[in-house]
Amino acid sequence: PVSNQYENILVDQPKPGVGKITLNRPRALNALSSALFQELNDALQKLDNDDSTGAIVLTGSEKAFAAGADIKEMKDLTFSKAYNTNFIASWSSTIPNIRKPIIAAVNGHALGGGCELALMTDIIYCSSSATFGQPEIKLGIIPGAGGSQRLIAAIGKSRAMELILTGKNFSGTEAAQWGVAARVFYSAEECVQGAVNTAEKIAGMSKVAMRAAKEVVNKSQEVGLRDGLDYERKVFHGLFGSKDQKIGMSAFAEKKKPEWSNE
Ligand code: CAA
């Protein structure tokens, strides 16, 4: 459905309904250059618009999910150029607007922008030997793609502050213990397979309900409890206008498997 027209990423369909994007700049440990991010945004948008895709897996190599923003590209950047070009704003322009679920399968290094990229996805799976971290302080900068905001939601302020101020890494095992990752696997292969299996399961749900579920869960990260609960109930009510609600509940009553219309 989405062809491999890219230089820094690979796109494939490991199972029906599952679009998989593999970051593929091995010589730079998948450092997130502007070119790579442009391709990633383009592929995500195409998969989001592709009717045969129900969920997306985002992964890297066994050695690196992504070792961060491209330091060589940033080395000579000035304040005025960063400000005038709104440097890395494009990182946050597409991913938060993708409506299909994105599962990150994180193996190896997920540092700086790599950790932030994982945190932008909907579900993180990782291998126990993965290394997460926000080492920006060691380069004389700070996280610039959500690390100081999204990590706090995941692990609390005290732990996030310690990581961001010292630049120390945390392991895949810790990521799972702290709730950053939903599941931890022993090997990279199992991790990617686990993500593909979950994506396949999600792709088998009604696309209307799946989009609504992702939307209301994400709303909880942006608004207060009262507004979030109101929003959830409105969307819940709205789903009684979908065909798939009738299909799902009739199938349950008739002890059949639902055949979703996605309407
Ligand atoms: N940018 C550019 N190139 C990078 C890179 C990065 N973030 N990370 C690794 N590379 C390159 C290395 O320069 C090296 O290239 P050469 O062979 O041409 O020298 C190649 O990838 C392999 O890396 P190493 O030889 O360093 O591999 P290693 O196994 O010894 O170490 C590592 C791995 C610990 C991840 C180490 O590469 C490292 O510390 N990388 C930088 C991590 C980092 O600081 N990331 C944060 C970036 S800032 C950021 O992301 C800002 C933001 O919030 C948006």
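The model is predicted.

The chain is divided into two parts: domain 1 spans residues 9–203 and domain 2 spans residues 207–253. Their C-alpha centres are separated by 27 Å. Contact between the domains involves six residues of domain 1 and five residues of domain 2. On the domain 1 side, the touching residues comprise three nonpolar, one polar and two charged.

Helix H10 covers residues 207–219, and helix H11 covers residues 225–238. Two packed helices are described by the angle between their axes and the distance between the axes. For H10 and H11, the axes come within 9 Å. They cross at roughly 170 degrees. Angles over 145 degrees count as roughly antiparallel, and H10 and H11 are therefore roughly antiparallel to each other. H10 contributes Ala212, Glu215, Val216 and Lys219 to the contact. H11 contributes Gly228, Tyr231, Glu232 and Val235. By class, the residues of this contact are four nonpolar, one polar and three charged.

Valine 11 is found in strand S1, which runs over residues 9–15. Around valine 11, 23 other C-beta atoms lie within 10 Å. The threshold for a buried residue is 20 or more, so valine 11 is buried. Valine 11 is 164 residues from alanine 175 in sequence. In space, the C-alpha atoms of valine 11 and alanine 175 are 27 Å apart.

Glutamine 45 lies in helix H1, residues 34–49. Its C-beta atom has 15 others within 10 Å. A residue is exposed at 12 or fewer and buried at 20 or more; glutamine 45 is therefore partly exposed. Glutamine 45 and phenylalanine 65 are 20 residues apart in sequence. The C-alpha to C-alpha distance between glutamine 45 and phenylalanine 65 is 20 Å.

Key:
Residues numbered from 1 in each chain as written. Predicted model: local features only at pLDDT ≥ 70, side-chain atom pairs only at ≥ 80, totals over all residues. Helix = DSSP H or I, 4+ residues; strand = E, 2+ residues; numbered from the N terminus. Axes fitted to C-alpha atoms, helices over the stretch in contact; angles between N-to-C directions. Parallel < 35°, antiparallel > 145°, perpendicular 65-115°, else oblique. Contact = placed C-beta atoms within 7 Å. Nonpolar A, V, L, I, M, F, W, Y, C, P; charged D, E, K, R; others polar. Domains from an automatic or database assignment.
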